[in-house]
Amino acid sequence: MGALQSLPGQPEYVDLAEKTGFSYEQIGVLHKRFKQLSHNQETLLREHFRKIPDLECNPIRSQIIEAFFDRRNFRKNGEGTVEEIGFEEFLVIMSHFRPPSLHSTEEQRESVRRDKLRFLFNMHDTDNDGTITLEEYRHVVEELLSLSETLEKDTAKSIADAAMLEVASISMGHMEPDEFYEGITFEHFLKLLNGFEIESRMNVRFLYMDTTTLCK
């Protein structure tokens with residue numbers, strides 16, 4: 001988890017570029033931001049994220065912070081959480097917010113979309129049981145809609161409420177009286193959000209960076 005020591009073009013940058021899709025220049029920019037957030041330390045802690053002003057009033061502040069320390073998001077098939085992250089983990093997490101390349105194939109765009117939705121799902125599946133609740137699903141929909149410049153906050157909330165009720169009526173309407181609703185699985189989550197354009201909407205401005213520009 002050590003800090004990056006190499007210069008652009010050296011092995012560490014090449015490996016990180018292959019893992020994340022970022023260019024050497026983008027990796028350099030993100031490394032500078034990492035050093036700013038960590039106060040030139042080799043690792044980032046939760047407390048570093050808690051001091052970011054733009055996160056203070058975010059309704060899902062805790063979920064966003066935890067996402068950076070969730071092993072499931074490191075693309076290593078891990079589970080559980082860590083207490084600190086190095087630059088590589090930070091870069092991998094940031095890559096979840098990176099829009100697909102303008103030259104991506106349909107298959108690549110679909111892979112990016114699935115990756116982003118898995119990240120969102122993990123963010124709300126806090127107990128790692130493979131499901132999220134109806135209320136958590138409502139939060140996801142509201143978050144995605146709130147990114148639209150054409151929708152007011154109350155409108156986004158109303159649509160999210162309706163979406164949650166629709167899922168509830170469909171899911172529970174096919175259940176037997178003695179069955180217990182176990183929640184929304186990831187595959188169900190994918191189908192529910194099939195109509196949402198998420199590839200370019202999912203970004204992180206709270207790091208004083210606009211990740212919509214991190215596209216080759």
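The questions and answers below walk through a predicted model, from the whole chain to single residues.

Residues are numbered from 1 along each chain as its sequence is written, and side-chain values use heavy atoms, with hydrogens and water left out. In this predicted model, local features need pLDDT of at least 70 and side-chain atom pairs count only at pLDDT 80 or more, while totals for chains, interfaces and linings use all residues.

User: What percentage of the residues in the chain is buried?
Analyst: Buried means under 20% relative accessible area, exposed over 50%, and partly exposed in between (1.4 Å probe, protein chains only). The chain has 216 residues, and the buried share is 47%.

User: Among contacts between residues at least 6 apart in sequence, what share joins residues at least 24 apart?
Analyst: Contact means heavy atoms within 4.5 Å. Among contacts in the chain between residues at least 6 apart in sequence, the share joining residues at least 24 apart is 61%.

User: At what angle do α2 and α5 pack?
Analyst: Two packed helices are described by the angle between their axes and the distance between the axes. Axes are lines fitted to C-alpha atoms, for helices over the stretch in contact, and angles run from 0 to 180 degrees between N-to-C directions. Helix α2 spans residues 24-37, and its axis is 10 Å from that of α5. The packing angle is about 115°.

User: Which residues of α5 meet α2, and what is the make-up of the contact by class?
Analyst: From α2 come Ile 27, Leu 30, His 31, Phe 34 and Leu 37; they meet Phe 87, Phe 90, Leu 91 and Met 94 of α5. Ala, Val, Leu, Ile, Met, Phe, Trp, Tyr, Cys and Pro count as nonpolar, Asp, Glu, Lys and Arg as charged, and the others, Gly among them, as polar. By class, the contact of α2 with α5 has eight nonpolar, one polar and no charged residues.

User: Is His 39 buried or exposed?
Analyst: His 39 is found in the loop between α2 and β1 (44-45). Most residues other than glycine have a negative phi. His 39 has a positive phi of about 55° although it is not a glycine. At 52% relative accessibility, His 39 counts as exposed.

User: What is the phi of Arg 75 near?
Analyst: Arg 75 sits in the loop between α4 (61-67) and β2 (84-85). It counts as partly exposed because its relative accessibility is 38%. Arg 75 is a residue other than glycine, yet its phi is positive, near 60°.

User: Which residues touch Asp 70, leaving aside its neighbours within four places in sequence?
Analyst: Asp 70 is found in the loop between α4 and β2. Asp 70 is buried because its relative accessible area is 8%. Its contacts, leaving aside neighbours within four places in sequence, are Gly 80, Thr 81 and Asn 122.

User: Which helix supplies the largest share of the lining of the second largest pocket?
Analyst: By class, this lining has two nonpolar, eight polar and five charged residues. α1 (11-20) and α6 (106-124) each supply at least two residues of the lining. The largest share, five residues, comes from α6.

Note on methods
Helix = DSSP H or I, 4+ residues; strand = E, 2+ residues; numbered from the N terminus.
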